[in-house]
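Hi,

Here is the structure I said I would pass on. Have a look at it first, and then read my notes below.

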Amino acid sequence: MQARLSRRQLSALMAVTSLLLTLPVILWCLLQSWSAHQTAVMQNMQGVSQGIRADVLQSVMTLNAQFPTPECNEALILAMRRADYQAKYLTYFSLVNKDHIVCNSFEGHLEVPVPLSKPDVEFRSGASFTINERVPLFSSVVFGRTVRVDNFLVFLDYPDTELEGSLPWLHYSSYDYGSGRQVRVYGEDETRLQRLEFDLAPRSWMEQGFWVKSLCFQQLQCIVAAVDIQGYFRGQWLATLLIIALLAGSVVLFYLLGAACHDHLYGLSRQVRNGLNPQQLSLHYQPILDTGSGLVSGCEVLCRWQRSDGQPVPPDDFIPVVEQCGLTAHLTEQVTRGCLLELEQLGLLGRMRVAINVFPQDIATGHMERLLTRLLPPHLYGWITIELTEKRIDDMDNLVEQVKRLRNLGFQVAIDDFGTGFSNLESLQNLKVDILKIDRSFVCGVEAPSLKRSLVEHICQLADTLALKVVAEGVETRHQLQYLHSVGVDYTQGYLHGRPMPAAQLRTFLQQHSLASHNVFSSAHW
């Protein structure tokens, strides 16, 4: 038996597939968004770095050129103040002598020189950078990042607004490389990166919950922008909700799509289309007994169908699908051919009456007449009863005509499940059938006084008026049998007599029954 996924398994597989397809798309969109923010802040950082270098060249280098052997006098103090005013990214211009600040643009001459810290980065040009330098300011000391070029030292001063500091989840830093080590020149110390390497090609990577992007320059400087992923989802709640909704919607959509695909691939409709063949169809036969004598009068052919996985499907489930798929003629032919062949092989064809259920449209179109006259010789026509199932009749005129033709040929026609469908007095008068079969729903509980009992009595009275035979289905108890006999029911079938059985078991049943009643076929004709 070929294994296949269940409906739930296929739906779950499709849901997982949706995650595998949706997550990369969401991740790509996030990376594109993050990259746009990172690129923007890195461009601003690059502008700040270029501005600092331009200020150093235009201000500090100019001061060194103007004052090769500087002394702290009014001219130098005025020049440093002028440079401080003109520089955008530098402030607190100071004169250095013997590694001490002796004069600056704000305080002028310092009575007590301020010693300098050891530089964190020393460049080949002679310039140096210190991360946390003491700078005298208004009789106090502040700490900040400083750049020293020869005799002058400046404090770095850049506006945070230029670095897009309004995004709490986006962190940035600028690093310089000198003295064989990496030093953060400015920016935030949130990421504490371990994998930052000087590489002129742009790089992106994941590290410690950050999505990092770096860009380095030939001047041995790298700028870095890092997205705090957890911080992003906490801060960007609208984007987070959108992502959750997209994932949930994708999972639900693909789950439903999986269910729909399963129904299309393995649903009952497709199974019926592919499975109406002798390998999956089986026929069972239920005996019909004469109510008065108890002798076997014939049998009804019942169709059973199982799916490709071996699971049986009740007739009430697959018969409506057969009608919806327009396969009634195909099923009718399969059942008719199969039962005639089985009964002939067992030597029962022409020795007992056989009742075959037929869809009304298969009678109205003449399909059943053509089929039976092709499969049977005329002398066997009288042994076949065609049971007309009570369904909606779309072509009553042709149905009436075909029923008449079948009866003229010698076939008997019965209305199956009488009282549950189209049947009424007018249709009975028009169709002119031979037999009425009372549905099992009326027989259940008929032994006790009830509305069902009165309905059965009226059906028997109607049949007697129209000279029709009556068969009661679903007889399960002797009390039911006794009552049905008392009101004039001619034949009965049900579990009391025998359950539907394969053809081989039917022959055994008939042999056993013939021993009890001596002449099993004495009531062969209804």
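This is a predicted model: local features need pLDDT of at least 70, side-chain atom pairs count only at pLDDT 80 or more; totals for chains, interfaces and linings use all residues.

Residues are numbered from 1 along each chain as its sequence is written, and side-chain values use heavy atoms, with hydrogens and water left out.

**Overall**

The protein has 15 helices and 21 strands; these are DSSP runs numbered from the N terminus, with helices being H or I of at least four residues and strands being E of at least two. Of its 526 residues, 48% count as buried. For accessibility, buried is under 20% relative accessible area, exposed is over 50% and partly exposed is in between, using a 1.4 Å probe and protein chains only. Taking contacts (heavy atoms within 4.5 Å) between residues at least 6 apart in sequence, 62% join residues at least 24 apart.

**Disulfides**

If a disulfide is a pair of cysteine sulfur atoms within 2.5 Å, the count comes to 2. Counting bonded cysteines along the chain, the pattern is 1-2, 3-4.

Cys-72 and Cys-103 make one of these pairs, with an S to S distance of 2.3 Å. The link of Cys-72 and Cys-103 is right-handed, with 60° about the S-S bond. Cys-72 sits in the loop between α1 (7-66) and α2 (74-86) while Cys-103 is in strand β2 (residues 100-104), so the bond ties together parts 31 residues apart in sequence.

Cys-216 is buried at 4% relative accessible area, and Cys-222 is buried at 0%.

And where does that leave Cys-339? Cys-339 is in no disulfide, and the nearest cysteine sulfur, that of Cys-299, is 8.2 Å away. Cys-339 counts as buried, at 0% relative accessibility. Cys-460 is buried too, with a relative accessible area of 6%.

**The α7 and α9 pair**

Next, have a look at helix α7 (residues 328-345) and helix α9 (residues 367-375), whose axes come within 11 Å and cross at roughly 25°. The axes are lines fitted to C-alpha atoms, for helices over the stretch in contact, and angles run from 0 to 180 degrees between N-to-C directions. The crossing angle makes α7 roughly parallel to α9; the cut-offs are under 35 degrees for roughly parallel, over 145 for roughly antiparallel, 65 to 115 for roughly perpendicular and oblique for the rest. The crossing of α7 and α9 is right-handed, in the sense that the near helix is turned clockwise from the far one by less than a right angle.

On the α7 side, the contact is made by Ala-329, Thr-332, Glu-333, Thr-336, Arg-337 and Leu-340, and on the α9 side by His-367, Met-368, Leu-371, Leu-372, Arg-374 and Leu-375. The residues of this contact divide into 6 nonpolar, 3 polar and 3 charged. Here Ala, Val, Leu, Ile, Met, Phe, Trp, Tyr, Cys and Pro count as nonpolar, Asp, Glu, Lys and Arg as charged, and the others, Gly among them, as polar.

The buried residues of α9 are His-367, Met-368, Glu-369, Leu-371 and Leu-372. Besides α7, these α9 residues pack against β16 (353-358), α8 (360-364), β17 (384-388) and α10 (396-409).

**Single residues**

Two non-glycine residues with positive phi are worth a click. Asp-99 has phi near 60°, lies in the loop between β1 (90-97) and β2, and is partly exposed at 45% relative accessible area. Gln-208 has phi of about 50°, lies in the loop between β10 (203-207) and β11 (210-217), and is exposed at 53%.

Finally, Thr-130 is in strand β5 (residues 128-137) and is buried at 5% relative accessible area. Leaving out residues up to four places away in sequence, Thr-130 touches Ser-117, Lys-118, Pro-119, Asp-120, Gly-144, Arg-145 and Thr-146.

Cheers
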